[in-house]
Amino acid sequence: MVGAWLLLWGALALSCRGEVAFLRHADDSTGRCTYSFTVPSPVESGCPDAGGVPELRAELAALTARLSRLESRERGAGGEAGRGIPQPQYAAPAPRLEPGCGELLRANSRLEEEKGRLERENEELGRRLESSAQEIARLRAARCPPGGEGPGRDPLPAPGEAPHWDPQPLTYQELQSERTEIPASRLLEETALGRPGSQNSGCGELVWVGDPVVFGRAESIAGKYGVWMKDPEPLPPFTRETTWRVDAVGTEVRQLLQYQAPEQLAQGYPTKVHILPRPLESTGAVVYRGGFFFQPRRSRTVARYDLRGETLTAQREIPGAGYHGQYPYSWGGYTDIDLAVDETGLWVIYSTEKARGAIVLSKLDPETLEIRQSWETNIRKRGVANAFVICGTLYTVSSYSSPNATINFAYDTATGTSRALSVPFENRFRYLSMLDYNPAEQQLYAWDSSNMVTYPIRLSRD
Ligand code: CA
């Protein structure tokens, strides 16, 4: 039967080439049916090869080989079901298999596309899961802050028991601070928002604090703690480059050093030395709109020293504010009353017996020092190392000595709510005694173990 098909294919092939073939069949001497066909040669009159035309032989050989391959492929496609079952002796023509292969290839391509889509969906779900986990961790941290006691308030005094506190020397406070300091939270990698050192525009949430930049170093032990800053809204003859400094160690801190620019500070040549009418106690002093604002020693008062007139132009008591070691930051140093400046004005950060050690934040009139508005937070003042205000939001630092500290809490005065943060903050010299924000330069000013440093920051876009 295969032979018959070979002959038919051969005849068909020759017909396609424009040649005429004659097919005959007859019984041979043994009774079997034999097929034969005849093709006239276009060029040869004789028949030199008794076996037939070589070209036709080659054609037939090729056809035989092709049929053999097709039969093999068809048997292979038949699989297990085809075994043991007599197969037809002829093979299916190649065109019947080739479309099947094409469909398989197309189906494979569709599966690849589907696989890619599912992988992309999987990646997206992974990102959303990670984001949700971080949100949950943040909410948990807000409810149960690090350190056990967290930012909660000091315990209530027993009924009838008068709250009391004992002023202590600086050395005692420093030792005490070692005990009360809250360990730094786990660090998070810097976010990918913006580039370091880039200028921010407008208000936003603090998302990054860069490495400290050293501008100068105090020459004596009196400068282990201190204050330095520029006025973000200076009044003539002062400029935004005019730099101010107070070395804050000692009981009679009265010298306010004025420098024409930070370069003079670095060289140690002040333009002028102001003598304050009252000694300064806290390292929370600031300069704003031509005034030097500070807490006079052993008082719950805030005073304004006019930098041009060189006199005190306003003094006002902060009602109930702790002072002289009652509610300091974790490092001690009589940092009970801390002043701050942001884009919106002048602030004072402190605590009261009524607030039981929680940070109270008040907005002050910069001329009269009257309290315009107050907010009572749930952040324990002794539990944090320092604080500053940006765009009406109070930020706190977890540690004054750890090189891997964090900005760990934020209290938003617009909403009256606080939340936990974990923005890395480096205490390079391991003793942060002052930290404030300059809204004109949008960077932090700090005093770290005799070193005057700044930190670039980055705010998120609103
Ligand atoms: Ca501060």
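Where is the place of Thr-454? I looked it up first. Thr-454 sits in strand 23, which covers residues 451–459. I keep in mind that this is a predicted model.

**Entry: Thr-454**

I checked the exposure of Thr-454. Its relative accessible area is 2%. The cut-off for buried is under 20%, so Thr-454 counts as buried.

I then looked at the loop between strand 22 (443–448) and strand 23, where I found Ser-449. Ser-449 is not a glycine, yet its phi is positive, about 50°.

**Entry: whole protein**

I counted secondary structure next. The protein has five helices and 23 strands. Of its 462 residues, 43% are buried. I took the contacts with a separation of 6 or more; 54% of them join residues 24 or more positions apart. The accessible surface is about 24500 Å², and carbon and sulfur atoms hold 53% of it.

Ala-387 is in strand 17 (residues 386–390) and Leu-435 is in strand 21 (residues 432–438). The two are 48 residues apart, so I note this pair as a link between distant parts of the chain.

Are Ala-387 and Leu-435 buried or exposed? Ala-387 has 0% relative accessibility and counts as buried. Leu-435, at 1%, also counts as buried.

**Entry: sheet 17-18-19-20**

I followed strand 17 into its sheet. The sheet is open, has four strands in the order 17-18-19-20, and pairs them antiparallel. Strand 17 and strand 20 (417–425) stand at the edges. Each has a single partner strand, so one side of each lacks a neighbour in the sheet. From one strand to the next the twist averages 25°.

Strand 18 (residues 393–397) and strand 19 (residues 405–412) run antiparallel and are joined by five bridges. Leu-394 stands opposite Tyr-411 of strand 19.

The loop between strand 17 and strand 18 holds Cys-391. Its phi is near 50°, a positive value in a residue other than glycine. Cys-391 has 18% relative accessibility and counts as buried.

In soluble globular proteins, nonpolar side chains tend to be buried together. I looked for such groups here. The largest nonpolar core has 44 residues, and Phe-292 and Leu-346 have the most contacts inside it. Strand 7 (residues 253–259) gives the largest share of this core, four residues. Another core lies apart from it, with 43 residues, among them Ile-349, Ala-410, Tyr-431 and Leu-432.

I went back to Phe-292 for its contacts beyond four places in sequence. They include Val-246, Leu-256, Leu-276 and Leu-280. Also among them are Ala-303, Arg-304, Tyr-305 and Leu-307.

**Entry: cis peptide**

Which residues does the cis peptide bond join? I found Pro-236 and Pro-237, with omega about 10°. Pro-237 belongs to the loop between strand 5 (226–230) and strand 6 (243–247).

Conventions. Residues numbered from 1 in each chain as written. Predicted model: local features only at pLDDT ≥ 70, side-chain atom pairs only at ≥ 80, totals over all residues. Heavy atoms only, no water. Buried < 20%, exposed > 50% of the residue type's maximum accessible area, 1.4 Å probe, protein only. Core = buried A, V, L, I, M, F, W, Y, C linked by side-chain atoms within 4.5 Å. Contact = heavy atoms within 4.5 Å. Pairing = 2+ DSSP bridges. Axes fitted to C-alpha atoms, helices over the stretch in contact; angles between N-to-C directions. Areas by Shrake-Rupley, 256 points an atom, 1.4 Å probe, with all protein chains shown as cover.
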